[in-house]
Amino acid sequence: MRERVLLHVCCAPCATHPVNVLSADHDVTLFFSNSNISPAAEFERRLCAARELAARMELPLLVDDYDHDLWLAEVSGLEKEPEKGKRCHVCFRFSLARTAAAAEAGGFDGFTTTLTVSPHKSSPVIFGIGEDFEEFKAVNFKKQDGFRESVRLSREYGLYRQGYCGCEFSAVPPS
Ligand code: SF4
């Protein structure tokens with residue numbers, strides 16, 4: 001019997017390749033949980049792209065509450081940390097904890113996250129945090145040139161791709 005897996009979606013472009021990998025032998029439900037994103041209009045824009053992807057892939061999409069104030073309280077004191085530093089580790093744990101809770105509430109067999117597809121996010125760090133959650137599946141979506149494939153698919157699907165990670169403390173690339 002195929003396992004039911006809840007996939008934390010950090011954004012639609014990053015989810016493209018992981019959806020294909022996981023769907024080969026799991027029943028996948030998408031979980032958009034991104035209270036880290038600022039401002040709220042950007043959250044809505046990324047959610048809209050996630051809805052487009054879910055419709056295209058014919059997959060169910062669950063949307064978590066957006067509570068940026070709660071997220072800010074969680075990373076309080078770490079605002080000046082560089083990207084990939086301690087603030088990001090707390091941010092990963094915040095999203096994984098919410099996904100774990102949703103997976104348990106929904107009776108899923110396990111959960112994982114699209115975060116590992118990005119070359120800007122350390123898979124070992126994410127796996128280390130995931131170990132604290134019993135139902136976490138450590139899937140390294142960087143494998144098989146995963147990031148390049150996610151970029152290719154998101155272009156093919158015409159998905160909105162943001163220019164920064166998500167929070168107001170993210171590094172914004174030069175224009
Ligand atoms: S830079 Fe990205 S991963 Fe790091 S805290 Fe901000 S939103 Fe989270």
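Trainee: In which loop is K84 found?

Mentor: Helices (H or I, at least four residues) and strands (E, at least two) are DSSP runs, numbered from the N terminus. This is a predicted model, where local features need pLDDT of at least 70, side-chain atom pairs count only at pLDDT 80 or more, and totals for chains, interfaces and linings use all residues. Residues are numbered from 1 along each chain as its sequence is written, and side-chain values use heavy atoms, with hydrogens and water left out. K84 is found in the loop between helix 3 (68-74) and helix 4.

Trainee: What is phi of K84, and is K84 buried or exposed?

Mentor: Most residues other than glycine have a negative phi. K84 is not a glycine, yet its phi is positive, near 80 degrees. Buried means under 20% relative accessible area, exposed over 50%, partly exposed in between (1.4 Å probe, protein chains only). At 55% relative accessibility, K84 counts as exposed.

Trainee: Why does E58 count as exposed?

Mentor: E58 belongs to the loop between helix 2 and strand 3 (61-63). Its phi is also positive, about 55 degrees, although E58 is not a glycine. E58 counts as exposed because its relative accessibility is 71%.

Trainee: Over how many bridges do strand 1 and strand 2 pair?

Mentor: Two strands pair if DSSP finds at least two bridges between them. V5 stands opposite V28 in strand 2. Strand 1 and strand 2 run in the parallel sense, and their bridges number seven.

Trainee: Which residue of strand 4 is the bridge partner of L6?

Mentor: Strand 1 (residues 3-9) and strand 4 pair in the parallel sense over four bridges. Five of the seven residues of strand 1 are buried, so it is largely enclosed by the rest of the structure. The bridge partner of L6 in strand 4 is F111.

Trainee: Which residues of strand 4 point the other way from G110 and T112?

Mentor: In a regular strand the side chains alternate between the two faces of the sheet. In strand 4 (residues 110-113), all four are buried, with G110 and T112 pointing one way and, the other way, F111 and T113.

Trainee: Where does the ligand sit?

Mentor: A pocket is an open set of points on a 1 Å grid over the protein atoms alone, where a 1.4 Å probe fits, with protein on both sides within 12 Å along at least five of seven lines; lining residues have an atom within 4 Å of a point. A molecule sits in one if more than half of its atoms lie within 2 Å of its grid points. The largest pocket has a volume of about 730 Å³. Among the residues closest to its centre are E83 and C165. The ligand sits in this largest pocket.

Trainee: Which helix gives the most to the shell around the ligand?

Mentor: The residues around the ligand include W71, R87, C88 and F92. The largest share of the pocket lining, six residues, comes from helix 4. The shell around the ligand gets four residues, the most from any helix, from helix 4 (residues 86-105).

Definitions and conventions:
A residue is near a molecule or strand if one of its heavy atoms lies within 4 Å of it. Grid points are joined across faces, edges and corners, and a volume is the space filled by probe spheres set on the points.
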